[in-house]
Amino acid sequence: MTTSPAPAPYHSRCQYLPLRFYRSRDLSVFQWAEEQFHLEISTGLAGDSGFHRRSAAAVELMDQLPLQAKDLFRGLIDRLRLQPADDFEVDELGVWRPGEMRINCDPARVAELQGWPSGGAQVRQLLQTTLIHECGHALLEDPRGGVSLRSFMHLLVVSGWLPNPLHDPVPFQQPVGEPTQLTEHLLQRLREVDSRWDPDQTVRAPGQPPPVRLDSDLMGDWRTWQPGGERPAPTLGLRSPRQLGKELLTQRARGTLDAELRSVGLSAEQVWRVASRYRPVTSCAEDLISEAPAEIFRQLHRGPVPWRAAQTALREGERLLIQPWRDAELVRGRSEPAPRPNLKRHLVPGRA
Amino acid sequence: MDVIRYVVRDRSTAARAVVRYPTLEMEGDAGLCDRLRDYLVTPMSVVQGRTDQAGGGRATVLRSLPPGSVDWLEACLARAAEDLSLELDTHWT
């Protein structure tokens with residue numbers, strides 16, 4: 001991973017007008033968002049009169065987003081759907097899918113159900129966290145974000161995702177050091193699972209396998225596969241450090257681990273050393289592989305991470321997810337003024 | 001039996017404490033242990049990601065964590081670290 005990614009393609013040359021500019025002219029927050037972020041906004045049907053106010057409050061948070069997240073909204077999100085809690089699962093705050101973001105405009109209801117402080121500031125923070133995390137998914141998965149599968153895989157490697165050593169001993173034989181070789185090894189294995197995976201394309205680029213295959217090809221259960229069998233492994237069987245630790249401890253409790261590791265040329269000490277080298281930036285990124293890179297993006301915009309073993313993931317995340325956007329800013333600048341408000345328009349968002 | 005040891009270090013004083021999982025026993029700097037205990041008694045919920053199977057999208061969810069679970073302990077320690085400027089390390093044993 002010595003080459004630097006190209007400048008971010010979604011970087012915008014246009015500036016942004018702050019929300020207060022629209023407010024001072026008695027223009028709506030929805031008009032501000034549509035015009036400044038090039039969005040189509042729609043609202044869901046809610047049974048109470050306060051929904052319009054709550055959906056406006058959700059949109060207002062976009063004014064405080066980091067500039068990179070604003071560019072992601074402008075460049076990679078085409079539609080913003082503001083919906084009441086009834087349109088979501090009970091614990092859902094927002095959903096991204098290519099080109100579209102759905103936001104739950106009743107985050108206080110989710111917070112109350114899940115034991116989160118439901119004060120105004122905490123709930124606003126919750127919703128802003130959601131916006132940034134979902135922007136991370138857009139950056140990593142929308143082809144317009146320009147993040148290659150190789151970079152995606154590298155962020156998994158530096159977050160400590162590894163196969164079980166009995167399934168694939170190679171990552172544990174490598175000297176502890178630069179994870180570049182491990183990234184390339186796993187990409188090669190992924191192409192053995194499905195040769196359509198192209199490391200130089202984004203994960204949802206045309207020609208890649210369907211998006212639902214990403215999680216299963218990377219972290220599906222490997223235990224049905226027999227080492228030495230002729231059939232290629234259907235999955236890389238990657239595990240987060242915590243999941244892998246649990247599996248290894250279970251195998252050790254059965255008393256078979258040391259002998260099994262010896263049979264593939266490894267010692268327990270080697271395995272634990274490699275398995276504890278890196279970890280995800282938050283423990284929330286331990287369950288689902290596609291969340292680890294998006295969590296890195298969120299944490300990079302949120303502040304310091306206390307986990308010592310997560311510092312490599314942060315550093316590489318900065319290099320692969322933020323630096324290309326900074327490079328674009330340096331190269332292209334913001335030479336065009338922000339879109340001006342249409343003063344003849346009084347926007348009422350359409351119904352979803 | 002220890003399964004995981006969390007080593008906690010105060011960045012400003014270099015005081016150290018160890019929290020053991022699953023027993024939640026602590027040892028090390030007494031003052032640091034006292035401050036950590038305050039964080040291990042609260043319910044904890046965290047923002048997490050989930051794949052939206054119906055639409056193929058990615059959802060952000062708020063999930064309350066079962067007290068006593070590894071997820072809960074790590075979330076508690078992370079919140080303490082954020083408030084108290086601590087550094088965290090994990091050791092599987």
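## Exercises on strand pairing, core and confidence

I77(A) stands opposite G99(A) in β4(A), in a model that is predicted.

**Exercise 1.** Find which strands pair with β4(A), and state in which sense each of them runs, parallel or antiparallel.

*Solution.* Begin with strand β2 (residues 77–83) of chain A, which pairs with strand β4 (residues 99–104) of chain A in the parallel sense over six bridges; the facing residues I77(A) and G99(A) give one place to look. Turn next to strand β3 (residues 92–97) of chain A, which is joined to β4(A) by four bridges and runs antiparallel to it. Here R97(A) is the residue that stands opposite E100(A) in β4(A). Finally, follow the chain from β3(A) to β4(A): one residue lies between these two strands, and together they form a hairpin.

**Exercise 2.** Name the residues that touch the most other members of the largest nonpolar core, and trace the contacts of A33(A).

*Solution.* The largest nonpolar core holds 112 residues, and those touching the most other members are A33(A), L156(A), V8(B) and L77(B). Taking A33(A) and setting aside its neighbours within four places in sequence, one finds it in contact with L39(A), I41(A), V59(A), M62(A) and L80(A).

**Exercise 3.** Describe the confidence of the predictor in chain B and in the complex.

*Solution.* Start with chain B as a whole, where the mean pLDDT is 91 and 95% of the residues reach 70 or more. Within chain B, confidence is lowest in strand β4 (residues 44–52), at a mean of 87, and highest in strand β3 (residues 26–28), at 97. For the complex, the predictor gives an ipTM of 0.93 and a pTM of 0.92.

Note on methods:
Residues numbered from 1 in each chain as written. Chains lettered and ligands numbered in written order. Predicted model: local features only at pLDDT ≥ 70, side-chain atom pairs only at ≥ 80, totals over all residues. pLDDT = per-residue confidence, 0-100. Core = buried A, V, L, I, M, F, W, Y, C linked by C-beta atoms within 7 Å. Buried ≥ 20, exposed ≤ 12 C-beta atoms within 10 Å, placed from the backbone. Contact = placed C-beta atoms within 7 Å. Pairing = 2+ DSSP bridges.
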